[in-house]
Amino acid sequence: MSKLLEQINTEKRIPLILSDYIKIKHGFAFKGEYFSTQPTPDVLVTPGNFAIGGGFKIDKFKYYKGSVPEDYILKENDLVVTMTDLSVDADTLGYPALIPNDDKNRFLHNQRVGLIQKKKEGIDFSYLYYLMRTRPYQRYVVGTASGSTVKHTSPDRIASYEYNFPTLPTQKKIAQILSVYDAKIENNSKIIKNLETIAQTIFNEWFVNFRFPGYEKMKMVGSEIPEGWSAGKIEDVVKRLSTQKTYKEDSLLRKGSIPVYDQSSKGIIGFSEDKPSFYASIDNPVLIFGDHTCRTQIICEPFSLGPNTIPLGEKGGYSPIFTYFLTKDSIDQREYKRHWSELSNIEFVIPPVELSKTFVSKIKNFISEVVVLEKENVKLKESRDQLLAKL
């Protein structure tokens, strides 16, 4: 990659305006009366399908059960861009995504999402996809956006972006290398999701359906919960840890020895060379809860925290790994407010501590593999972003 970086630095570039080479097509205003939370073959592509930093998110689909205009059915690898952002920081506005290959669903070109189309040759679309994931481009889009609470951009504003492009062969070479990184990251992410699904399935079987080892011999109390189990709250099984120091993203390093986690979907927002706030490990994990986003995550390495993220440790012998599955998806972010008090008031069915330890022992290897893959993804993203920064 060093030769390519040298070529990027020395090769003469050509200043181009995107509007000379592309146009951006508005999406269709699909009727709200036909929106569905129940799965159908048709998925509406919305701003919620765009990841921070670019890329397509395949969770939380919004389905459609009405008739569909043929001109607004997206194809695999179509390049789309989000033109609305509801978040405080507008952290997905203007970012691109590629429509994935999906045998079960077809994706619909919804309003507030732009489809990028070619006007003439000169820009490689795979390269453009990565260019639109760079910080200078996204800062430009946010800087020219309208709206205070909800940020909006438009096809004309995006297409007016000017950039010094390398030659077309170099564009293709850069995009090819970056796509290899993304393919490996995506593959690791699929393995991580599968491992978490297996662990969640075991948890549900034991602690929701009450089909844990030896359940046949266990009596039910009031025909509701097994004998020896009890109703309790999260503070019965976790200890809220003291947060020593929090870090804001703009004060952090792009690379470093100590990762800093926050409540956002990014997970790691940067790195510090300070002493870590917590010395977590697979044998001494820490559960973090996003007070505003409700996002939970198990951390198994030394780390520090960003703002509004609550660290939780073991209490009464209940591992944070068990508590992660116990509380996972128990509340959703419905508005931008603090949610810890809401989570604290939910009643859970708490098993005997020894059974929770047996569960943790059974899935510990899954969690260890997830930790390894997540670390590998961090390194892959660092290498990919190093090349992205040179664009």
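Modeller: Let us begin with a term: a residue is called buried under 20% relative accessible area, exposed over 50%, and partly exposed in between (1.4 Å probe, protein chains only). The structure here is a predicted model, in which local features need pLDDT of at least 70 and side-chain atom pairs count only at pLDDT 80 or more, while totals for chains, interfaces and linings use all residues. Residues are numbered from 1 along each chain as its sequence is written, and side-chain values use heavy atoms, with hydrogens and water left out.

Biologist: To which class does N308 belong, buried, partly exposed or exposed?

Modeller: N308 has a relative accessible area of 26%, and therefore it is partly exposed. You will find N308 in the loop between β22 (302-305) and β23 (309-314), where strands (E, at least two residues) and helices (H or I, at least four) are DSSP runs numbered from the N terminus.

Biologist: What should I notice about the phi of N308?

Modeller: Most residues other than glycine have a negative phi. In N308, however, phi is near 60°, a positive value in a residue that is not glycine. C294 also has a positive phi, near 70°, and is likewise a residue other than glycine. C294 sits in the loop between β20 (286-290) and β21, and with a relative accessible area of 11% it is classed as buried.

Biologist: How many disulfides does the structure hold?

Modeller: The structure holds zero disulfides, a disulfide being a pair of cysteine sulfur atoms within 2.5 Å. Another cysteine to look at is C300, which counts as buried because its relative accessibility is 11%.

Biologist: Which residues does I299 touch, beyond those up to four places away in sequence?

Modeller: Contact means heavy atoms within 4.5 Å. On that basis, and leaving aside residues up to four places away in sequence, I299 touches Y261, A280, P285, V286 and I288. I299 belongs to strand β21 (residues 296-299), and its relative accessibility of 1% is why it counts as buried.

Biologist: Where is I350, and is it buried or exposed?

Modeller: I350 lies in strand β24 (residues 347-350), and at 6% relative accessibility it counts as buried. Its contacts, again not counting residues up to four places away in sequence, are W229, S230, G232, V237, Y318 and L326. By contrast, the C-alpha atoms of I350 and F61 are separated by 32 Å, and these two residues are 289 apart along the chain.

Biologist: What does V142 touch, apart from residues up to four places away in sequence?

Modeller: V142 touches A90 and L93 under that rule. V142 is part of helix α3 (residues 135-143), and it is partly exposed, with a relative accessible area of 23%. V142 and L93 are 49 residues apart in sequence, yet their C-alpha atoms are 6.7 Å apart in space.

Biologist: At what angle do α5 and α8 pack?

Modeller: Two packed helices are described by the angle between their axes and the distance between the axes. Axes are lines fitted to C-alpha atoms, for helices over the stretch in contact, and angles run from 0 to 180 degrees between N-to-C directions. Helix α5 (residues 168-207) and helix α8 (residues 353-389) pack at about 165°, with their axes 9 Å apart. These two helices are therefore roughly antiparallel, since angles over 145 degrees count so, under 35 as roughly parallel, 65 to 115 as roughly perpendicular and the rest as oblique. The contact of α5 with α8 contains 23 nonpolar, six polar and nine charged residues, where Ala, Val, Leu, Ile, Met, Phe, Trp, Tyr, Cys and Pro count as nonpolar, Asp, Glu, Lys and Arg as charged, and the others, Gly among them, as polar.

Biologist: How does helix α6 pack with α8?

Modeller: Helix α6 (residues 320-327) packs with α8 at an angle of about 90°, their axes being 9 Å apart, and the two are therefore roughly perpendicular. From α6, I321, F322 and F325 meet S356, F359, V360, I363 and I367 of α8. By class, this contact has seven nonpolar residues, one polar and no charged ones.

Biologist: How do the axes of α5 and α6 cross?

Modeller: The axes of α5 and α6 cross at roughly 80° and come within 10 Å, which makes α5 roughly perpendicular to α6. In this contact E196, A199, Q200, F203 and F207 of α5 meet F322, Y324, F325 and L326 of α6. Its residues divide into seven nonpolar, one polar and one charged.
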